[in-house]
Amino acid sequence: MGRKLDLSGLTDDETEHVLQVVQRDFNLRKKEEERLSEMKQKLDEEGSKCSILSKHQKFVEHCCMRCCSPFTFLVNTKRRCGDCKFNVCKSCCSYQKHEKVWICCVCQQAR
């Protein structure tokens, strides 16, 4: 992006329009950077929570690592995330048909 734009052949209206488009692009890139930074922070926080909870084996076996809801036999069965290998409930993951594996919502965001 180190190239300079030669606007000398454009009218004043055309030049103004090009500058508006460039400014809009700059603003969109800034918003996207902020969104990605916020997502990275949330993923880091989630990782910290999981590292603490994963040390308690009873919790890992009986509760979802993402929403902390308890697993039940029929209503809320556990699934194992193919990426992080944590047990998660059905509402915190989705099945990836092409990979034939369950992936939790956090790992989906990280992907």
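1. Start with D25 and R29: in this predicted model, the two side chains form a salt bridge, with the closest N and O atoms 2.7 Å apart. Both residues sit in helix α1, which covers residues 12–53, and they are 4 residues apart there, so about one helical turn separates them. As for cover, D25 comes out as partly exposed at 33% relative accessibility, and R29 is also partly exposed, at 46%.

2. Helix α1 has another pair to look at. E32 and R35 meet in a salt bridge through their side chains, at 2.8 Å from N to O. The spacing here is 3 residues, again about one turn of the helix. E32 has 34% relative accessibility and counts as partly exposed; R35, with a relative accessible area of 41%, falls in that class too.

3. The side chains of R111 and D83 meet in a salt bridge at 2.9 Å, N to O. R111 lies in the segment after α3 (105–110), while D83 belongs to the loop between β1 (78–80) and β2 (87–89), so this contact ties together parts that are 28 residues apart in sequence. D83 is partly exposed, with a relative accessible area of 37%.

4. Which residues does the network around D83 contain? Salt bridges with shared partners join D83, E99 and R111 into one network. I'd display these three side chains together when you look at the R111 and D83 contact.

5. How many salt bridges does the model have in total? The count comes to 4, taking a salt bridge as a Lys or Arg side-chain nitrogen within 4 Å of an Asp or Glu carboxyl oxygen. Among them are the D25 and R29 pair at 2.7 Å, the E32 and R35 pair at 2.8 Å, and the R111 and D83 pair at 2.9 Å.

6. F73, L74 and V75 make up a nonpolar patch on the surface, and together they have about 450 Å² of accessible area. As for its place in the chain, L74 lies in the loop between α2 (57–62) and β1.

Terms used: Residues are numbered from 1 along each chain as its sequence is written. This is a predicted model: local features need pLDDT of at least 70, side-chain atom pairs count only at pLDDT 80 or more; totals for chains, interfaces and linings use all residues. Side-chain values use heavy atoms; hydrogens and water are left out. Helices (H or I, at least four residues) and strands (E, at least two) are DSSP runs, numbered from the N terminus. Buried means under 20% relative accessible area, exposed over 50%, partly exposed in between (1.4 Å probe, protein chains only). Patches are made of residues with over 30% relative accessible area and no salt bridge: like charges are joined within 9 Å, nonpolar side chains (Val, Leu, Ile, Met, Phe, Trp, Tyr) within 5 Å. Accessible areas come from the Shrake-Rupley method with a 1.4 Å probe; for residues, only the protein chains shown count as cover.
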